[in-house]
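Hello,

Here is the structure I said I would pass on, with the sequence alongside. My notes on it follow below.

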Amino acid sequence: MTPPDAPHNRWSDLDRPPLNVTALRRGLLRPESLWSELEVVETTGSTNSDLAERARSGDLAEGTVLVAEEQTAGRGRLERSWTAPPRSGLFFSVYLEPGDDVPVERWGWVPLLAGVAAATGLAKSAGVDTALKWPNDLLVTVEGDERKAGGILGEFAGDGIVVGLGINVSLRADELPAPTAGSLALAGAVSTDRETLLRAVLRSLEHWYGEWKGAGGDAAASGLQAAYAAGCATLDRTVRAELPGGNSLVGQAVAIDGDGRLVLSTDDGLQQPVSAGDIVHLRGAAGGLT
């Protein structure tokens with residue numbers, strides 16, 4: 001372990017080796033693949049901001065992947081910050097152009113699709129049961145408690161959408177930013193090799209994006225809606241939706257509708273779809289507040 005006062009360099013934590021960009025490109029950038037370009041940078045403010053800026057300038061091909069070993073101004077939903085030690089996780093963004101194949105009103109499914117892809121890829125490569133908290137959090141279980149190990153942020157840019165993922169891989173207990181945070185390592189991952197995990201998530205994302213785009217963005221026909229519901233830890237729980245504007249709504253989460261909205265059944269017998277907001281899990285199979 002490196003002493004706290006030791007100067008930082010890319011080899012300062014041997015438990016966290018740098019990504020091998022040559023190996024990643026060799027494994028992912030194939031002629032028939034969705035992925036067209038892959039870059040790994042040592043540090044940046046936000047991979048989402050970087051790709052969004054390039055997309056707005058027209059200098060970006062679909063399938064571009066930007067990975068950072070460290071993000072100094074990573075963003076989550078509602079402009080929350082996201083920070084982690086260098087090389088302790090996967091911090092990357094991708095650029096997708098559903099184009100004329102998918103009506104724009106269905107593009108809101110892309111961040112949810114990324115959640116399904118990440119959960120599926122991590123389950124296979126890390127051996128960790130990863131659940132989805134609507135709309136865009138990745139949950140793992142650490143010592144019996146649900147913890148947030150990752151998040152997803154989508155934003156329209158140029159002719160497409162930039163989707164960023166931040167996943168805590170090797171964070172130790174004393175490095176967690178909050179008591180509600182977790183990591184794959186703390187959840188008992190069988191592998192924390194970031195190259196293996198990144199390849200698995202990107203291949204899963206390619207699969208789900210192809211299925212969804214091939215179905216014209218129809219989440220039901222592509223199987224995406226059912227897959228999201230099956231992996232969603234929010235469903236069948238009493239939750240509080242903290243809505244834009246300061247209002248809130250309490251009810252049982254009963255469904256994910258065709259537009260990707262969370263449907264709450266309230267005490268007055270109404271079913272209310274929620275399209276945006278913070279969700280607090282009040283009661284459910286896992287118990288506790290998350």
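Helix α3 covers residues 109–126, which is 18 residues. From its first C-alpha to its last it reaches 25 Å, close to the 26 Å expected at 1.5 Å a residue. Please keep in mind that this is a predicted model. Of the 18 residues of α3, 15 are buried, so the helix is largely enclosed by the rest of the structure. Gly127 follows α3 and has a positive phi, near 70 degrees.

Next, the packing of α3 against helix α4. Two packed helices are described by the angle between their axes and the distance between the axes. Here α4 is residues 194–214, and its axis comes within 8 Å of that of α3, the two crossing at roughly 135 degrees. The crossing is right-handed.

On the α3 side, the residues that make the contact include Trp109, Leu113, Ala117, Thr120 and Ser125. On the α4 side they include Leu197, Val201, Ser204, Trp208 and Trp212. By class, the contact of α3 with α4 has 16 nonpolar residues, five polar ones and no charged ones.

One further residue, Ser183, is in the loop between β9 (160–168) and α4. Is Ser183 buried or exposed? Its relative accessibility is 0%, so Ser183 counts as buried. Apart from neighbours within four places in sequence, Ser183 is in contact with Val140, Ala149, Asn168, Val169, Ser170 and Leu171.

Regards

Conventions: Residues numbered from 1 in each chain as written. Predicted model: local features only at pLDDT ≥ 70, side-chain atom pairs only at ≥ 80, totals over all residues. Heavy atoms only, no water. Helix = DSSP H or I, 4+ residues; strand = E, 2+ residues; numbered from the N terminus. Expected span 1.5 Å × (residues − 1). Buried < 20%, exposed > 50% of the residue type's maximum accessible area, 1.4 Å probe, protein only. Axes fitted to C-alpha atoms, helices over the stretch in contact; angles between N-to-C directions. Left-handed = near helix turned anticlockwise from the far one by under 90°. Contact = heavy atoms within 4.5 Å. Nonpolar A, V, L, I, M, F, W, Y, C, P; charged D, E, K, R; others polar.
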